[in-house]
Structure formats: C-alpha cells, structure tokens
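Have the sequence and the 3D view ready.

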Amino acid sequence: MISIDPSAQGDRDNYKLLIGSVVPRPIAFVTTLSEQGVLNGAPFSYFSIVSSNPPLLSVAVQRKNGVMKDTARNASATGELVIHIVDETNVGAINETAANLPPDESEITAAGLTPVDSETIKVPGIAESKIRMECVLEQAIELGGTSGTPGCDLLIARVVRFQISEELLENGRIDAHKLAPVSRMAGNYYATLGRMFEMERPH
C-alpha cells in the first residue's frame, strides 16, 4: 500500500484520489430559482441519501475561491430546490448545463431542456427527467476550506413530493433497468448501470 498524507499535498491531488476512489457516484441535477426569478440548473455528483424518515438528501456544492455557486445561493435564499436523477436519455443535455453562465442566464434554456411546474414548491423541474424530487431546504452547512473561507455548502434537502414516471414503478419499487441511471467516474468518464447481483444480509 502507498501511504499518502492529504495535508502534505494540494487540493487537486486529494480531489483526484477522492473522485477516483468513491465510484460510481449518482448524479443529482438540481434546479433552483434566483431571487430575480431566473431558473438555474446544474449537475452534482457529491450526492446521496441522508434519511428516509423524513426523506432527506444531501448535495455538496463546491465553492470557487470561497464564492457560493448559484445553486447553493438560490437554495439558501428561497428554501426550495428540485433534485432530478440523471439517466441515459438526458445526460447529454444535462452535461451542457455545467457550462459557466452568468447568474441572470438560465442553463435550462441554454441546454434546450423543458421546464415543468412543480406541485408543491415554486421551483420548476425539467420534463426530461424520469424522477424529480420536489424539496425544501432543511439545512445548509458551510464546510471545508480555510478559516473564514468555506470550501463547500452542504445542502440537506427534505423531499416533499416525489414525481416518478409511471413506467418505472412496480409494486412501489423502481425498476433500475428502466430508469437507466448514469453515474460519475473520474475525469470525463461516466458509467451506466452494468451488472447487478443479489446477496442476502446475514440474520
């Protein structure tokens, strides 16, 4: 084994080790509304489930030179966001939303995605997603970085409505093959679902 002290190397080197080790990572496509009413959208792979009771999700939004990204700023200001699951049918368009646009321009429009009204919150989702989760912001936590300059904003989002394509649901369970999720690897690489196997937990 090679022993590496993360404090003895730069952020970029630690980043490469983390994104190459923690794989595959599900991708959240998050839409938010700015206080001026601009619909923002961006993909994030630092994303996971926190709890099922209540249903909570986490999205870590990295800062650039200590400056909050639009997603974190909008979610913190309005208290609302929509989290979508990225799949094989929409990953190309969603990748386009990762472009750096000014806050007054919508990535949704630029990528040719279709806004769709949410049922319980003001933030629209996108029609191209098979799974949308309408969320309210439970908590936003500043983490990492240096003293006085956080490195990221950890958003804890509570799901208040699931919007799921009818074709995916069978007896309350989601068919993973029909969802065809896409996950993030290191560099410019992505992964599809691949081989699945079953294993029972010990009693």
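Which residues lie nearest the centre of the second largest pocket? They are P26, F47, I49, I85 and L179, out of 28 lining residues. This is a predicted model, where local features need pLDDT of at least 70 and side-chain atom pairs count only at pLDDT 80 or more, while totals for chains, interfaces and linings use all residues. Residues are numbered from 1 along each chain as its sequence is written, and side-chain values use heavy atoms, with hydrogens and water left out.

A pocket here is an open set of points on a 1 Å grid over the protein atoms alone, where a 1.4 Å probe fits, with protein on both sides within 12 Å along at least five of seven lines; lining residues have an atom within 4 Å of a point. The volume of this one is about 700 Å³, counted as the space filled by probe spheres set on the points, which are joined across faces, edges and corners.

The lining divides into 22 nonpolar, 5 polar and 1 charged residues; Ala, Val, Leu, Ile, Met, Phe, Trp, Tyr, Cys and Pro count as nonpolar, Asp, Glu, Lys and Arg as charged, and the others, Gly among them, as polar. β4 (47-52) gives at least two lining residues, and its 5 are the largest share. Strands are DSSP runs of E, at least two residues, numbered from the N terminus; two pair if DSSP finds at least two bridges between them.

| Antiparallel pair | Bridges |
|---|---|
| β1 and β13 | 2 bridges |
| β5 and β10 | 7 bridges |
| β9 and β10 | 12 bridges |

P26 has S183 in β13 as its bridge partner. An open sheet has the order β1-β13-β14. β1 and β14 stand at its edges with a single partner strand each, so one side of each lacks a neighbour in the sheet.

Key:
Helix = DSSP H or I, 4+ residues; strand = E, 2+ residues; numbered from the N terminus.
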